[in-house]
Amino acid sequence: MHERLSTLSVTLMTLAAFTDMVDRHQHALYTFLRNLVSDAEQAYDLMQDTFQEAWRASRAGADPLIAECTDDQRRRWLFQVAYHRGISALRRRKLIRWESLDLLREMAAKPAGDTGSFEEQIVESEALRAALARLTSQDAACLLLRVAHGFSAAEVGQIMGVAPNSVAKRLSRAKQRLRAVYLAHNEEAR
C-alpha cells in the first residue's frame, strides 16, 4: 500500500512538472515549428508529438523532467526533439500544401495601434514566410533557433547536432539568403 502511494506521489509530481513545462514552452515551440514547417496544423501536431515524447521520457526517468535537469536544459531538449520531428516532416512532405487561415485570425486579434494596416501586416508576414520557405530546412532552423528563440551558437549546435562554428557559418549564410529572397519578393510585389 505504501509503495502504491509513493508511486502515485511521484506520478503527481511528474505531472505537475510536465504541466509547468508545457505552459512555459508551448508558445515558443509552436512558433519555431510553425516557421520551420510553414503549416499551422502540422506545427500543432509536431508540438504535441514533442510533448508526448517528453512525457514518455520523463515516465522512464530520463530527461527532460529529472530533478537534475535545469529549465534551460529542458528547453534545449524540447527544441532538439521538435527540430528533428520538423526536419522529418519536411522530408515526408507531399507536393500539395494546404494553407491555414490562422494568420488572418492572429492578425485580426492584434490591437489597432500595431504597425501597419491589416493588409500590410499580412503581406509582410507572408513575404517573410515565403522567404523562410526558400531556405534549406537546416538554415531556416538555425536562423529561427538563434535569432527568433535566442539560443546561443553552442545550444543551436547541440540541438541540431552540429559544431558551434558550423552554426555561425550556417547562420551567416541563412541571413544573406533570407535577405536576398525577401528583397526579391518585395521587388516582385511592387
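Tutor: Contact means heavy atoms within 4.5 Å. Keep that in mind as we look at this predicted model.

Student: How many of the contacts with a separation of 6 or more are between residues 24 or more positions apart?

Tutor: In this protein, 68% of the contacts with a separation of 6 or more join residues 24 or more positions apart.

Student: What makes the pattern of the protein α-α-α-α-α-α-α-α?

Tutor: The protein has eight helices and zero strands, and reading along the sequence gives α-α-α-α-α-α-α-α.

Student: How do you know that the span of helix α3 agrees with its 22 residues?

Tutor: Take residues 71-92, which form α3. The expected span is 1.5 Å times one less than the number of residues, so α3 should span 32 Å. Its end C-alpha atoms are 32 Å apart, and therefore the two values agree.

Student: Why is α3 called roughly antiparallel to α6?

Tutor: Helix α3 and helix α6 (residues 137-148) pack at an angle of about 150°. Angles over 145 degrees count as roughly antiparallel, so α3 is roughly antiparallel to α6. Their axes are 11 Å apart, and the crossing is right-handed.

Student: Which residues make the contact between α3 and α6?

Tutor: From α3 come F79, Y83, I87, L90 and R91, while α6 brings S137, Q138, A141 and L145.

Student: What makes a residue of α3 buried?

Tutor: Buried means under 20% relative accessible area. In α3, the buried residues include F79, Y83 and I87. Across the protein, buried residues make up 38% of the 190 residues.

Definitions and conventions
Residues are numbered from 1 along each chain as its sequence is written. This is a predicted model: local features need pLDDT of at least 70, side-chain atom pairs count only at pLDDT 80 or more; totals for chains, interfaces and linings use all residues. Side-chain values use heavy atoms; hydrogens and water are left out. Helices (H or I, at least four residues) and strands (E, at least two) are DSSP runs, numbered from the N terminus. Buried means under 20% relative accessible area, exposed over 50%, partly exposed in between (1.4 Å probe, protein chains only). Axes are lines fitted to C-alpha atoms, for helices over the stretch in contact, and angles run from 0 to 180 degrees between N-to-C directions. Angles under 35 degrees count as roughly parallel, over 145 as roughly antiparallel, 65 to 115 as roughly perpendicular and the rest as oblique. A crossing is left-handed if the near helix is turned anticlockwise from the far one by less than a right angle, and right-handed if clockwise.
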